[in-house]
Amino acid sequence: MTKERAIVEDNNMVGGQRRDIYKAVIEHADKACQAGFYLEAITLYESLISDRLESRIVFLDSSVSAFRSLGENISKLEKLESDEELKAILSGQLRNWKNHRNQSLHELAKIEKYDPRDWDQKVIDLPDIAAEGKALFRLIDACVRRLKKA
């Protein structure tokens, strides 16, 4: 079953609910980083980023309102977006971060041929990946807000 994104409309509570959820997610991700739970933080930042991308997609094409993976959101928005700044973020920084996220979340237990890294070497970049996810969320959020006001 496809899940549909809640849309902010006149006289509904979605905007306030989204604000409250964002605040809680950001606080939780910050606490996760402080406690060394970087995988959790990376996952939460991915969720925030995907929500911002879905918001922009729905703004550009209201017939598209389903939840999608980060990769699907990037591909969909790259086709719809005309803003050069956001397009550059999508095709550069965000795609790069998505690849690091995939390695950190899906490949930690896997051993690639000719890769001698041990656990400590595989997780050394997790704090940076989490920090970059937070920075990308803030950057994308600012772009989406700017474009909605324009």
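**Close-up 1. Lysine 23 and glutamate 27 lie four residues apart in helix 1, which puts about one helical turn between them.** In this predicted model, the side chains of lysine 23 and glutamate 27 meet in a salt bridge, with 3.6 Å from N to O; a salt bridge is counted when a side-chain nitrogen of Lys or Arg lies within 4 Å of a carboxyl oxygen of Asp or Glu. Lysine 23 is exposed at a relative accessible area of 53%, whereas glutamate 27 is partly exposed at 38%; buried stands for under 20% relative accessible area, exposed for over 50%, and partly exposed for what lies in between, with a 1.4 Å probe and protein chains only. Side chains of opposite charge can pair when their charged atoms come close.

Residues are numbered from 1 along each chain as its sequence is written. Because the model is predicted, local features need pLDDT of at least 70 and side-chain atom pairs count only at pLDDT 80 or more, while totals for chains, interfaces and linings use all residues, and side-chain values use heavy atoms, with hydrogens and water left out.

**Close-up 2. Helix 1 spans residues 14–34 and has one face lined by buried residues.** Helices are DSSP runs of H or I with at least four residues, numbered from the N terminus. The 21 residues of helix 1 reach 30 Å from the first C-alpha to the last, close to the 30 Å expected at 1.5 Å a residue, where the expected span is 1.5 Å times one less than the number of residues. Val14, Arg18, Tyr22, Val25, Ile26, Ala29 and Ala32 are the buried residues in helix 1. Seen down the axis of helix 1, these buried residues fall within an arc of 125 degrees, so they line one face of the helix; the arc is that of the directions from the helix axis to the C-beta atoms. The partners against which they pack are helix 2 (38–60) and helix 6 (126–149). On the other side of helix 1, the exposed residues are Arg19, Lys23, Lys31 and Gln34. After helix 1 comes glycine 36, with a positive phi near 85 degrees.

Close-up 3. Glutamate 84 counts as exposed at 55% relative accessibility, and lysine 87 is partly exposed at 29%. Arginine 146 is partly exposed, with a relative accessible area of 34%, and glutamate 85 counts as partly exposed at 39%.

**Close-up 4. A network of salt bridges links Arg5, Arg18, Asp51, Arg52, Asp141 and Arg145.** One of these residues, Arg18, is also among the buried residues of helix 1. A search of the whole structure finds 15 salt bridges.

**Close-up 5. Helix 3 (residues 70–80) has Leu70, Asn73, Ile74 and Leu77 as its buried residues.** Seen down the axis of helix 3, they fall within an arc of 100 degrees, so they line one face of the helix. What covers these buried residues includes helix 2 and helix 4.

**Close-up 6. Isoleucine 89, in helix 4, is buried at a relative accessible area of 4%.** Leaving aside residues up to four places away in sequence, isoleucine 89 touches Leu94, Arg95, Leu136, Leu139, Ile140 and Cys143, where contact means heavy atoms within 4.5 Å. Isoleucine 89 and isoleucine 74 are 15 residues apart in sequence, and 9.9 Å separates them in space, C-alpha to C-alpha.

**Close-up 7. Cysteine 33 is partly exposed, whereas cysteine 143 is buried.** The relative accessible area is 21% for cysteine 33 and 2% for cysteine 143. Zero disulfides are counted, a disulfide being a pair of cysteine sulfur atoms within 2.5 Å.

**Close-up 8. The protein has an average pLDDT of 93, and 99% of the residues score at least 70.** The pLDDT is the predictor's confidence in each residue, from 0 to 100. Confidence is lowest in helix 5 (residues 119–123), at a mean of 93, and highest in helix 6, at 97.

Technical notes: Helices (H or I, at least four residues) and strands (E, at least two) are DSSP runs, numbered from the N terminus.
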